[in-house]
Amino acid sequence: MFDVDRALNLWRSEVLRRALHLQSVVLDSSREFLRNQGFIEILPVIISPITDPLTDHRVRGEVECYGFKYQITKSMIFHKQMALLSHPRIFCFSPNVRIEAVERQNSGKHLIEFVQLDLEVREATRDEVMALGEALLRSIIQAVIERCQPDLEFFGRKLVVPESPFPRITYREAEAKFGPDFEEELSRSHHEPIWVIDFPIEGREFYDREDEDRPGTLVDMDLIYPEGYGEALSGGEREYQLERICHRIEQKGIQLEAFAPYLEVARRGLYPSAGFGLGIERLTRYLCGLRQIELTRLFAKLPGQLSL
Ligand code: ASN
C-alpha cells in the first residue's frame with residue numbers, strides 16, 4: 001500500500017528540501033564543468049530494443065509498442081558508444097530502472113529508479129577518464145562548499161575537496177585485503193575517494209575492454225567514496241571491434257541475436273572510447289552525509305515497495 005502520510009512528511013521535510021537544493025547545485029556544477037571540457041549534453045533514452053544486460057538484475061522491465069519489444073533502460077552504455085558517432089564527448093543525466101532484489105530494500109543505497117550522470121569520450125584511455133572523473137568530483141565538491149554552506153551546516157557535514165590523484169588499488173589487491181565483498185570495508189577504511197581498477201572478466205558485463213596483454217583482466221574501474229558510502233562511479237575502456245564484442249557476448253552465454261541492432265552498428269564501425277556513470281542520488285547521499293538513499297530525491301522507489 002502507498003503510505004500517503006509518510007510521503008507527505010518526507011516531501012515537507014527540511015532534510016529533503018535541503019538535499020534537493022544541494023542536488024540542484026550538483027547538477028548545475030557538473031553541467032558547467034562538462035560544458036567547459038567540450039562535452040555536449042544528450043537527451044536520455046528511456047526505452048530501446050537493447051539495454052545494458054546487467055545479468056544480476058533478472059527481472060527485465062519491458063514494454064510492448066506496435067508489436068515490438070522495448071526494454072526500459074538499465075544503463076545507456078550502448079547508446080553512449082553510438083552517440084560518439086555524432087559528437088566526440090557526450091554526457092547525459094540518464095534515468096535507469098533496475099529491479100533490485102527486495103533484500104536490498106534497507107541497504108541505504110539501492111533505488112529501483114535512479115539517475116546517473118553518464119559520459120563517454122571518443123578515443124580516450126582509462127587514465128584520461130579517471131583524471132576527468134577526479135576533476136569533475138573535485139569541481140562539484142568545490143561548488144557545493146561555495147554554494148551550499150547553510151545546507152552543509154544543517155547536515156553537520158564538513159566537506160573538503162579531495163586531493164588529486166586519488167589512490168588506486170587493483171580488484172585483486174582489494175579482494176586479498178578485505179575479501180570478495182570488499183566495497184564496504186574498503187570504503188570504511190578510507191578518508192578520501194579511492195579507485196578500484198582491473199576487474200576480472202567474470203564479474204562484469206561484456207562491454208568493458210579486456211586487456212590483450214592480460215587476458216581475463218578488464219581495463220575498467222570503480223570509484224569508491226570514503227567513510228562507508230560505497231560506490232560512486234563505474235566505467236572503463238570499451239570493446240568496439242565487432243569480432244571482440246561478439247566473442248565477449250558469447251562468452252557470457254548471451255545470444256548474439258539479443259544485440260542484433262547494436263552489432264549492425266558495430267559492423268559499420270564504432271570508435272574506441274572510455275567513459276563512466278556517476279550515480280546522482282548516491283553522490284547526494286555522500287555529500288549530505290545521509291545514510292538513507294530515499295532522502296535524496298522526490299518519489300524515491302525502494303526495492304519491494306509501492307512508491308509514487
Ligand atoms: N554507466 C556505466 C558505464 O559507463 C555502466 C552501468 O551503469 N552499468 O560503464
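**Close-up 1. Pro165 sits in the loop between α5 (149-155) and β7 (168-170).** Helices (H or I, at least four residues) and strands (E, at least two) are DSSP runs, numbered from the N terminus. The peptide bond that joins Ser164 to Pro165 is cis, with omega at about -5°. The model is a predicted one, in which local features need pLDDT of at least 70 and side-chain atom pairs count only at pLDDT 80 or more, while totals for chains, interfaces and linings use all residues. Residues are numbered from 1 along each chain as its sequence is written, and side-chain values use heavy atoms, with hydrogens and water left out.

**Close-up 2. Asp198 lies in the loop between β8 (194-197) and β9.**

**Close-up 3. Asp52, Lys80 and Asp118 reach the ligand through their side chains.** An N or O atom in the side chain of Asp52 is 2.9 Å from a nitrogen atom of the ligand, and a polar side-chain atom of Asp118 also lies 2.9 Å from a ligand nitrogen. Lys80 has a side-chain N or O atom 2.8 Å from an oxygen atom of the ligand. The protein buries 92% of the 270 Å² that the ligand exposes when taken alone (Shrake-Rupley areas with a 1.4 Å probe).

**Close-up 4. The ligand takes up the space of the largest pocket.** A pocket is found on a 1 Å grid over the protein atoms alone, as an open set of points where a 1.4 Å probe fits, with protein on both sides within 12 Å along at least five of seven lines; lining residues have an atom within 4 Å of a point. A molecule sits in a pocket if more than half of its atoms lie within 2 Å of its grid points. β6 (113-122), β10 (230-237) and β11 (273-279) each give two or more residues to the shell around the ligand. Among the surrounding residues are Ser75, Arg98, Tyr207 and Phe276 (a heavy atom within 4 Å).

**Close-up 5. The largest pocket holds about 1,300 Å³ of space.** Its lining has 42 residues, with Glu183, Arg204, Asp222, Glu231 and Ser234 nearest the centre. β10 gives the largest share of this lining, four residues.

**Close-up 6. The second largest pocket holds about 360 Å³ of space.** Volumes here are the space filled by probe spheres set on the grid points, which are joined across faces, edges and corners. Of the 19 residues that line this second largest pocket, Arg6, Ala7, Leu10, Ala300 and Gln305 lie nearest its centre.

Notes:
A polar contact is a pair of N or O atoms within 3.5 Å; within protein, one must be able to donate a hydrogen and the other to accept it, and residues adjacent in sequence count only if both atoms are side-chain atoms.
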